[in-house]
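Hello,

Here is the structure for you to look over. My notes follow below.

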Amino acid sequence: MIKRLFILMMLAVMAVIFLNLAGNYRENTELSRLGHYYAENGPQELGAPNLVTAVVVTYRGLDTLGEVTVLFISAAGVGLLLRRTRRKQDDEDLEQGDRAEETAGVHKPASEIVETATELLLPMVILFGIYVFLNGHLSPGGGFQGGAIIASGTMFLLLALPESHISRLMIAVIESLSGFSYVVVGVLGVLLAGGFLDNRIIDPGTYGALFSAGAIPLIYVFVGLKVGFELSAVLDRFRKEDTGPL
Amino acid sequence: MSLIADTPISLIVLCSGLALVLIGLWGMLTQRNMIRMIVGFSLTDTGVHMVMVSIGYVTGGTAPIINDAVPIAEAASRVVDPVPSALVLTAIVIGLGVTAVMLSVAIRIYKARRTLMIDECTESKW
C-alpha cells in the first residue's frame, strides 16, 4: 500500500516536471549552430545528400562505432544467456516435461499461406534491405535500418520453416569480418585523410550518385551486414529449440 | 478541432512522448510480470525518442535530406536539425539491444523458476 503511494507520488512529481517542460516549450524557428553548420557544409564537405547519415557515419562516427559495439555486446549477452546448458540429473524430470512441451510446439508446421508468402517475399525482403543500406547516403535509410530489414527476412524464414538451420559459423564469420573492416576503414581515415572514420579516403565522386560520398556507402555496407547478421543470430537464439553449438 | 490544428506539431509529439514516458514508468513500477515490465521499458524508451525528435523540429522544416525539393543553397533554412535525428537513430539501436538482453534474462529466470513473476525472485531483494 505504502509502496503504491510512493509510486503515485513519484509519478505525480514527474508529471508536474513534464507539464512545466511542455508548457515552456517553444518551437525552434531556426537551426542550432551545430545543426546549421552541418546543413550548410555537410553536403560539400562529405558529398552526402542525407545529412543524418553524414552526422551518424562521419561527424559522429566514433559514436556509431560505439553503438555497433553495444549491439555486438548485447547480441553476445543474449547468446551467453540463452546458450544450451548441460542438463543436470536433478532437473531431468522437469526438463523432460519441458522438452515434450517444446517439441509439440515446434513441430507444428506453418500454414500454407505463410510458407508460400515467405518463398515469394524472402528474396525481395533481403534485396530491399541491401537497397536500403546501399542508398543510406542518398535517401532515408542506412546500415541499421537495412540490417533490421534483413533480420526481418530471417524472422520470416523462422516463422515459415521453424526447422530451418541457420549456420552460426557463417554468422560469426560475416559479423566479425564486417566489424573488422569497419575499424580498418576508420584507421585508413587517420592515415589517408583528416582523422578517424573520415570518409574522404575514397574520391567523393559525382554528388548524388550511388557510388559517391567517399567511404560512407562502404561503411554502411559493413554496418548493414553486421547488424543484419547480429539480429538474425539474436532471433535464432530466441527460438525454442536450440540447434547446438555452431 | 481548431485547438489541435493551432498547436505546433512538435508540441503534440513532445506531449505524447512525455505521456508515454509516464505510462512506461508506471508499468515498470507497478507490474509484477517481467514481460510487462519490459513492455513498460520499451514504452519509456519510445517516449524519450519522441521527445528528442520533437526538440529537433524547426517550424516548417522538412527532412534533412538534400534533393530536388531542398536545394543545397536553401538547406540551412529549410531542414530540421539533423543532430537529434542521428542521436535517436543511435538510441533506438541501443534500446533494441537492451530489450533483447532483458528478454533473455526473463527467459533464463523462467527456465529456472517456471514463473515470470518478479515476487518469486526474493534472493536479490534487499
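Helices (H or I, at least four residues) and strands (E, at least two) are DSSP runs, numbered from the N terminus. From that end, the elements of chain A run α-α-α-α-α-α-α-α-α. That is nine helices and zero strands.

This is a predicted model: local features need pLDDT of at least 70, side-chain atom pairs count only at pLDDT 80 or more, and totals for chains, interfaces and linings use all residues. Residues are numbered from 1 along each chain as its sequence is written, while chains are lettered from A and ligands numbered from 1 in the order in which they are written.

The interface: chain A gives 41 residues to the contact and chain B gives 40 (contact: C-beta atoms, placed from the backbone, within 7 Å). On the side of chain A that touches chain B, helix 1 (2–23), helix 2 (33–46), helix 3 (51–59) and helix 4 (61–81) of chain A each give two or more residues. Helix 4 of chain A has the largest share, nine residues.

Burial: 33% of the 246 residues in chain A are buried (20 or more other C-beta atoms within 10 Å of the residue's own).

Best wishes

Conventions
Contact = placed C-beta atoms within 7 Å. Buried ≥ 20, exposed ≤ 12 C-beta atoms within 10 Å, placed from the backbone.
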